[in-house]
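Biologist: I have not worked with this entry before, and I would like to learn how its features are read, one after another. Could you take me through them slowly?

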Amino acid sequence: MKPRKHSIPQSSADPKVMVRMTINGEEVEREVSVRMLLSDFIRHEIGLTGTHVGCEHGICGACTVMIDGRSGRSCLTFAVQADGADIRTIESVAGEDGELHPIQQAFQECHALQCGYCTPGMIMNVLSHFEAEEDLDLTDTGIRELLSGNLCRCTGYANIVKAVRQAAELTGRT
Amino acid sequence: MKPSLFEYSAPSSVAEAIEALSGDPGAMILAGGQSLVPAMNLRLASPTRLVDLRNVSGLGETVIEDGIIRVGAMVRHRDIELNDAVHQANPLIREAMKYVAHVPIRNRGTVVGSLCHADAAAEMPLVLLVTGGSVTAEGPGGRRDIAAADFFQFHMTTTRAADELIVHANIPGLPKGAGYAFEEFSRRHGDYAIAAVAVIVQRGSDGTVDAASVGACGVGSKPVRLSAVEEAITGTKMSADDIKTAAQSSQDYVSAPDDMHATTAYRRHLLVNLVRRALSSAEQTPAS
């Protein structure tokens with residue numbers, strides 16, 4: 001047999017790094033490629049597929065998760081940057097018995113989703129604003145501003161705006 | 001839509017970070033990553049190494065000293081936006097910050113990162129220029145301060161050397177009682193500006209303008225001071241006519257060619273109107 005022109009390397013040239021973080025209250029540890037995005041880490045390494053990947057360059061907001069209590073784009077963060085961080089994804093939002101969070105309930109009741117692809121990102125973004133110690137502007141303009149970093153291509157936003165307002169009423173948030 | 005291969009360093013001190021940068025000419029600095037990571041995902045940027053600042057101690061602090069706001073390299077946009085002491089010292093910053101992308105991006109992106117990225121339409125470089133601020137660079141040869149006017153060279157190009165790290169930005173507070181305004185026009189909220197204008201005016205007790213600082217971004221290859229507008233408005237009492245005349249003199253500052261967002265002629269029209277609006281709004285800012 002003729003020798004191969006290019007021999008197969010012994011190992012991948014992709015540098016690896018050990019990453020530890022808390023996801024939805026549980027400690028996880030994985031050895032991953034340094035170029036692995038947090039979105040891919042959550043979906044492919046941990047298997048939590050509720051975090052969706054849309055545009056993968058920070059425009060659509062579908063991949064929004066909470067990083068140390070603040071919303072962030074998981075597609076614009078390397079997994080290694082979240083080493084030691086506390087991550088929350090959409091899977092942590094409903095109760096253990098499956099009871100919906102008021103924001104989820106409002107989205108359901110107001111028909112604020114059709115295909116549902118953008119919904120996890122929407123809800124994580126809204127949740128982070130509800131949990132922060134800030135005054136919410138619950139006028140239409142204010143809610144649209146709050147949602148401006150999340151794109152939906154189905155419902156045209158009217159019902160999403162309604163749902164955010166209803167969720168605020170349900171949670172007593174002003 | 002995934003980044004290409006790169007080596008990774010996470011130094012724990014500024015000295016180590018500089019060493020990592022010096023040893024690899026293709027290295028880039030990773031702070032918040034909100035401009036760099038999308039560029040890498042799209043493979044517009046393919047650094048050979050990322051030098052991640054997350055473990056470097058002392059870069060996450062904001063200190064106000066002698067009227068200057070010193071913003072460390074890892075301070076996020078959102079930290080500055082919500083910082084009341086910063087707002088008291090320089091209310092123009094919060095005004096401009098509203099236009100910087102969206103909250104989830106501001107939660108991660110850093111002020112110094114935005115300055116170093118130096119997009120010609122970005123808000124923070126304009127704020128640094130109009131306030132007369134500077135950045136502090138540290139390299140193998142020590143530290144140096146670079147004034148904003150000397151720092152920004154061209155779209156996404158600064159005078160930072162490849163082996164230098166900008167350890168902090170120095171943004172002066174506004175003079176007591178100064179009027180200020182930030183006006184921007186973009187197609188969608190959070191987009192880069194088609195044009196934006198920042199204004200600071202200092203006025204005497206009779207309302208006469210003693211000094212004015214006016215700048216714009218999005219209209220050329222870097223943020224620019226509109227010195228003709230500054231000269232035209234200085235010495236006036238900012239009547240509607242004074243403002244209109246001063247605003248007219250801004251149109252020669254548009255050097256951006258026609259692009260997919262706007263023609264040069266449209267940008268001129270936009271700039272004149274944004275300057276007029278910003279001056280009118282600064283005129284009404286209470287001199288507290």
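**Reading the contacts and the pocket**

Biologist: How many residue pairs are in polar contact across the interface of chain B and chain A?

Modeller: A polar contact is a pair of N or O atoms within 3.5 Å, where within protein one must be able to donate a hydrogen and the other to accept it, and where residues adjacent in sequence count only if both atoms are side-chain atoms. Across this interface the rule finds 13 residue pairs, both residues being at pLDDT 80 or more. Please keep in mind that this is a predicted model, in which local features need pLDDT of at least 70 and side-chain atom pairs count only at pLDDT 80 or more, while totals for chains, interfaces and linings use all residues. Residues are numbered from 1 along each chain as its sequence is written, chains are lettered from A and ligands numbered from 1 in the order in which they are written, and side-chain values use heavy atoms, with hydrogens and water left out.

Biologist: Which elements of chain B supply at least two residues of the side that touches chain A?

Modeller: Helices (H or I, at least four residues) and strands (E, at least two) are DSSP runs, numbered from the N terminus. On chain B they are strand S1 (7–9), helix H2 (36–41), strand S3 (49–52), helix H3 (77–82) and helix H6 (103–106), and the largest share, four residues, comes from H2(B). With Ala, Val, Leu, Ile, Met, Phe, Trp, Tyr, Cys and Pro counted as nonpolar, Asp, Glu, Lys and Arg as charged, and the others, Gly among them, as polar, this side divides into 15 nonpolar, eight polar and nine charged residues.

Biologist: How much area do chain B and chain A bury between them?

Modeller: Buried area is the accessible area (1.4 Å probe) that two parts lose on being put together, summed over both. Here it comes to about 2600 Å², 56% of it on carbon and sulfur atoms. In chain B, Leu5(B), Pro104(B) and Arg108(B) lose the most area to chain A, together 21% of what that side buries.

Biologist: Which residues lie nearest the centre of the second largest pocket?

Modeller: Rolling a probe the size of a water molecule over the atoms shows where empty space is left. On a 1 Å grid over the protein atoms alone, a pocket is an open set of points where a 1.4 Å probe fits, with protein on both sides within 12 Å along at least five of seven lines, and lining residues have an atom within 4 Å of a point. Nearest the centre lie His129(A), Glu134(A), Arg78(B), Glu81(B) and Val103(B), among 31 lining residues. H4(A) gives the most to this lining, with four residues, and the lining divides into seven nonpolar, eleven polar and 13 charged residues.
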